[in-house]
Protein chains: 2
Amino acid sequence: MSATAPASRVLISEVGPRDGLQNAHAIMPTEAKRRWITALAAAGLSEIEVGSFVRPDRVPQLADTAEVVAHALTLPGLTVAVLAPNARGAERAIAAGVHKITVPVSASRAHALANVGMTPEQSVEALRAIAALRDAAPEGHRPTIEGGLSTAFGCTLQGAVPEDDVVRLAVAMVEAGADEVGLSDTTGMGNPSQVKRLVRAVRAAIGHRLSGVHLHDTRGLALANAFAAWEEGIGTFDGSLAGLGGCPFAPGASGNAVTEDLVSMFHDLGVATGIDLDRLIAARAILAEALPGEALHGAAAKWRSARVAA
Amino acid sequence: MSATAPASRVLISEVGPRDGLQNAHAIMPTEAKRRWITALAAAGLSEIEVGSFVRPDRVPQLADTAEVVAHALTLPGLTVAVLAPNARGAERAIAAGVHKITVPVSASRAHALANVGMTPEQSVEALRAIAALRDAAPEGHRPTIEGGLSTAFGCTLQGAVPEDDVVRLAVAMVEAGADEVGLSDTTGMGNPSQVKRLVRAVRAAIGHRLSGVHLHDTRGLALANAFAAWEEGIGTFDGSLAGLGGCPFAPGASGNAVTEDLVSMFHDLGVATGIDLDRLIAARAILAEALPGEALHGAAAKWRSARVAA
């Protein structure tokens with residue numbers, strides 16, 4: 001597969017209502033989630049992962065996902081995504097009418113067991129079962145399935161993750177029925193040269209099925225890694241407003257790539273996002289109010305307020 | 001000039017004692033500066049900008065630069081640099097025995113006037129006078145002169161800075177006697193594509209005289225921009241411990257590239273720095289003690305302590 005040219009327009013996919021909230025100290029009220037998702041969509045975000053269908057006793061912050069999905073589906077033009085690690089969750093997702101299901105598969109065996117209680121191979125089998133559910137659903141109710149390849153750039157539990165494992169699992173996910181595969185730097189251990197190498201290696205194996213990257217800012221490299229991925233032709237970038245997030249089952253991992261900083265960077269690069277940066281930043285107020293005490297990260301919110309004050 | 005391959009070893013040049021302290025709220029006691037610089041050198045930093053010879057009533061934080069230089073010169077193997085904007089300052093720098101003088105020349109006329117009270121062209125003439133002082137000094141007492149091209153990537157006062165102005169001034173600085181030219185993103189407005197373009201354009205004009213980049217993290221892009229510059233063959237990167245700094249005469253600009261995050265990134269990239277990251281991070285304690293209330297930035301200090309705690 002030859003290198004792909006950098007995209008002149010990218011898709012910024014918001015994962016805060018799922019990846020951000022599952023790591024928040026407080027549980028955000030359903031009503032605040034609705035307002036937040038509405039504000040994000042109004043700012044121009046066209047894809048939002050609004051929750052996950054997992055055991056509510058394990059992730060109580062997302063126990064109201066069905067309600068949140070129902071609201072998100074009323075927002076015109078919005079792709080409504082959820083995370084589901086197994087067929088039971090995917091059944092609920094399909095019943096709820098989501099447009100997209102992300103199925104996590106960890107490249108690190110240690111993280112896979114800690115995160116979803118399955119080996120990577122068992123997660124691939126779960127993805128196969130979810131794809132079968134999708135295929136059995138009536139037309140118009142078949143969600144896109146994205147395999148989310150976690151810890152693709154390293155794991156705080158296992159250490160280095162061999163590139164061959166990542167490529168092998170990406171191939172297995174596509175073979176099991178994933179429409180798309182995203183590479184997740186769950187622990188924020190990736191560096192931009194590694195991003196370029198891994199994108200090339202995975203693209204050589206699964207071509208256009210490689211859709212996007214999901215980056216964390218543990219080492220301050222989320223934007224550098226996003227730039228590197230963009231240079232290699234990646235066109236979809238997960239982000240979380242104010243950088244909320246982390247992974248409860250990956251010690252030492254910290255927040256997601258900051259959505260508004262991704263948007264700011266791409267606009268600076270002359271790349272269209274369809275997103276209004278000022279309206280996006282304004283949506284942080286909902287987080288400040290509904291998640292008191294939670295740290296809000298990000299450079300764009302700071303420099304734009306300094307600019308207004310100057 | 002053809003593209004240069006990425007360096008397998010880079011020089012991280014610490015500017016905290018100059019660029020960091022001139023923007024700090026408190027004045028760091030001379031004794032603490034000595035301990036800080038000693039700790040930085042002990043961590044493996046081989047070049048430190050320890051102060052500036054400017055009017056003490058304008059920058060009282062650096063009024064003790066001659067004393068600090070005298071101490072820094074006792075540290076074996078350390079390149080001792082200072083900033084001097086004019087011949088009067090350079091005379092004091094040469095008398096103090098520094099190894100290197102950085103002469104700031106702003107590409108933005110508005111910033112040049114606000115920062116040093118001279119037009120860009122007058123700053124080039126100041127550099128010429130400083131080069132004459134260097135040439136007149138006895139052998140063994142002739143410092144390297146680096147022209148620091150400020151606001152090369154944009155200016156909060158002027159707005160966009162034309163690439164042609166940057167290239168023209170870089171050529172003028174070399175012609176006036178600068179041994180090296182560094183590109184400064186004083187306001188943190190640069191983006192990684194722009195960094196690549198500008199490095200190529202300036203290198204095409206002055207070749208190996210283009211030495212390094214000085215980046216700020218206003219938009220969270222300091223590391224992305226450093227990576228882009230490294231990919232274009234740049235081998236010297238200014239940083240400030242804990243990201244101290246900014247520019248009092250560039251509204252909205254915030255901290256410098258965080259030295260320890262630069263070191264962490266280059267080590268992740270497999271690039272040698274000669275610096276011990278743990279000892280470098282430990283030196284932050286001196287800042288915390290000697291500059292109470294000052295915000296200390298940086299990802300490396302956080303994730304390494306999380307790793308230890310996990």
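Modeller: A242(B) is buried, because 26 other C-beta atoms lie within 10 Å of its own; a residue counts as buried if 20 or more other C-beta atoms lie within 10 Å of its own, as exposed if 12 or fewer do, and as partly exposed in between, with C-beta atoms placed from the backbone. The model is predicted, and therefore local features need pLDDT of at least 70 and side-chain atom pairs count only at pLDDT 80 or more, while totals for chains, interfaces and linings use all residues. Residues are numbered from 1 along each chain as its sequence is written, and chains are lettered from A and ligands numbered from 1 in the order in which they are written.

Although A242(B) is not a glycine, its phi is positive, at about 65°. Most residues other than glycine have a negative phi. A242(B) sits in the loop between β8 (236–239) and α10 (259–268) of chain B, where helices (H or I, at least four residues) and strands (E, at least two) are DSSP runs numbered from the N terminus.

A second residue of this kind is T151(B), which is not a glycine either and has a positive phi of about 50°. T151(B) belongs to the loop between β5 and α7 of chain B, and it counts as buried because 32 C-beta neighbours fall inside 10 Å.

As for β5(B) itself (residues 144–150), 6 of its 7 residues are buried, so the strand is largely enclosed by the rest of the structure. Strand β4(B) (residues 100–106) runs parallel to β5(B) and is joined to it by 7 bridges, strands being counted as paired if DSSP finds at least two bridges between them. Within that pairing, V103(B) has G147(B) as its bridge partner. β5(B) also pairs with strand β6(B) (residues 180–185), again in the parallel sense, over 4 bridges, and there the bridge partner of G147(B) is V181(B). From β5(B) the chain passes through helix α7(B) (residues 163–176) to β6(B), a β-α-β crossover that is right-handed, in that the path from the first strand over the helix to the second runs clockwise with the strands pointing away from the viewer.

The largest nonpolar core has 188 residues, and those with the most contacts inside it are A226(A) and A226(B); such a core is a set of buried Ala, Val, Leu, Ile, Met, Phe, Trp, Tyr and Cys residues joined through C-beta atoms within 7 Å. Apart from its neighbours within four places in sequence, A226(B) is in contact with V213(B), L215(B), F237(B), A257(B), L262(B) and M265(B), contact meaning that the C-beta atoms, placed from the backbone, lie within 7 Å.

Between the chains, 25 residues of chain A are in contact with 25 residues of chain B. On the side of chain A that touches chain B, the elements giving two or more residues are α8 (192–206), α9 (222–231), α10 (259–268) and α13 (300–309) of chain A. The residues of that side divide into 13 nonpolar, 8 polar and 4 charged, where Ala, Val, Leu, Ile, Met, Phe, Trp, Tyr, Cys and Pro count as nonpolar, Asp, Glu, Lys and Arg as charged, and the others, Gly among them, as polar. In α10(A), 8 of the 10 residues are buried, so this helix is largely enclosed by the rest of the structure; the buried residues include E260(A), D261(A) and F266(A). After α10(A) comes G270(A), with a positive phi near 80°.

Notes: Two residues are in contact if their C-beta atoms, placed from the backbone, lie within 7 Å.
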